[in-house]
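Dear colleague,

Please find below the structure that I am handing over to you. My notes on it follow directly after the sequence and coordinates, and I would be grateful if you could read them with the structure open.

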Amino acid sequence: MSLPLIGILRGVTPDEAVDIAEAVLAAGITQIEVPLNSPNPLESIRRLVDAFGERAVIGAGTVLTPAQVRDVHAAGGRLIVSPNCRPAVIEETHNLGMASWPGIVTPSEAFDALDAGATGLKLFPAVQVGLEGMKAVRAVLPAGTLLYAVGGAGVDNFAEWRAAGVDGAGLGSALYKPGQSASQVGKQAQALVDAWLAGEQ
């Protein structure tokens with residue numbers, strides 16, 4: 001079973017993307033996004049799809065426009081993650097058969113995202129909303145809505161977030177920072193996976 005974790009490789013370069021992603025996959029994280037504000041992100045996505053397309057869901061983060069959605073799709077990506085809620089982006093993603101994870105904070109954004117066809121919701125930044133705020137949002141969401149915490153959920157507090165009702169998490173700087181080796185990223189990935197699994201009820 002795939003873990004409900006998305007590895008965020010912000011700043012990764014095409015030449016190192018495959019080695020870094022291999023380390024992330026080895027820890028059990030099988031959803032990987034390359035944010036579009038990384039160096040030559042579409043080339044990194046192409047290389048990751050070529051290397052791991054059968055083993056992982058590869059895509060892009062920081063996707064802000066429908067045109068960017070189409071670019072990622074053309075590069076072979078099948079995952080679209082955004083920091084915000086733009087129905088046109090979600091609809092384009094949905095129409096192309098890709099997974100859509102828009103960023104939301106408020107119930108209004110959450111319902112707009114779901115109405116547009118979002119696969120799940122990215123609570124971002126989770127640290128701003130907090131556990132109590134997340135529980136208030138979760139209380140009004142339709143049953144079965146997937147809610148991932150991004151920005152503030154990690155090794156030290158996964159158990160709390162899980163107990164409060166999140167379904168998964170996006171892993172950013174705790175997983176990867178530019179310049180880190182594949183070995184280092186692998187250790188960080190394993191620590192994050194272990195902490196997530198330890199928080200199971």
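T62 is found in the loop that runs between β3 (57-61) and α3 (66-74). Please bear in mind that this is a predicted model. With a relative accessibility of 19%, T62 counts as buried, the cut-off being under 20%. The phi of T62 is near 55°, which is a positive value in a residue other than glycine. The side chain of T62 makes a polar contact with the side chain of R10, at 3.0 Å. Leaving aside neighbours within four places in sequence, the residues in contact with T62 are R10, E33, P35, L36, N37, Q68, V81 and P83.

Although N40 is not a glycine, its phi is positive, at about 45°. Most residues other than glycine have a negative phi. N40 is found in the loop between β2 and α2, and at 48% relative accessibility N40 counts as partly exposed.

Helix α2 comprises residues 41-52, 12 residues in number, and reaches 16 Å from its first C-alpha to its last, close to the 16 Å expected at 1.5 Å a residue. Which residues of α2 are buried? They are P41, S44, I45, L48 and F52. These residues cover an arc of only 100° around the axis, which puts them on the same side of α2. An α-helix has 3.6 residues a turn, so residues three or four places apart point the same way. The cover over the buried residues of α2 includes α1 (14-26), β2 (31-35), β3 and α3.

For α1, the 13 residues should span 18 Å at 1.5 Å a residue, and the end C-alpha atoms are 19 Å apart, which agrees. The buried residues of α1 are P14, A17, I20, A21, A23, V24 and L25. They pack against β2, α2 and α8.

The aromatic residues deserve a separate paragraph. How many aromatic pairs does the structure hold? It holds two. W101 and Y148 form a tilted pair, with 4.1 Å from centre to centre and 35° between the planes. W101 lies in strand β5 (residues 99-101) and Y148 in strand β8 (residues 147-150), so this pair ties together parts that are 47 residues apart in sequence. Both W101 and Y148 are buried. F158 and W196 form an edge-to-face pair, with 5.2 Å from centre to centre and 85° between the planes. This pair links distant parts of the chain, since F158 is in helix α7 (residues 158-164) and W196 is in helix α8 (residues 182-198), 38 residues apart. F158 and W196 are both buried.

G168 has a place beside members of both pairs in its list of contacts. Leaving aside neighbours within four places in sequence, G168 is in contact with P4, L147, Y148, A149 and W196. G168 lies in strand β9 (residues 168-171) and, at 0% relative accessibility, counts as buried. G168 and W196 are 28 residues apart in sequence, and their C-alpha atoms are 8.7 Å apart in space.

Finally, I draw your attention to the region around F124. K122 lies over the face of F124, at 4.6 Å from the ring centre. The peptide bond from F124 to P125 is cis, with omega near -5°. Most peptide bonds are trans. P125 itself is placed in the loop between β7 (121-123) and α6 (126-140).

With kind regards

Conventions
Residues are numbered from 1 along each chain as its sequence is written. This is a predicted model: local features need pLDDT of at least 70, side-chain atom pairs count only at pLDDT 80 or more; totals for chains, interfaces and linings use all residues. Side-chain values use heavy atoms; hydrogens and water are left out. Rings of Phe, Tyr and Trp (its six-membered ring) pair if their centres lie within 6.5 Å; planes under 30 degrees apart count as stacked, over 60 as edge-to-face and the rest as tilted. Helices (H or I, at least four residues) and strands (E, at least two) are DSSP runs, numbered from the N terminus. Buried means under 20% relative accessible area, exposed over 50%, partly exposed in between (1.4 Å probe, protein chains only). A charge sits over a ring if NZ of Lys or CZ of Arg is within 6 Å of the ring centre and within 35 degrees of the ring normal. A polar contact is a pair of N or O atoms within 3.5 Å; within protein, one must be able to donate a hydrogen and the other to accept it, and residues adjacent in sequence count only if both atoms are side-chain atoms. Contact means heavy atoms within 4.5 Å. The expected span of a helix is 1.5 Å times one less than its number of residues. The arc is that of the directions from the helix axis to the C-beta atoms.
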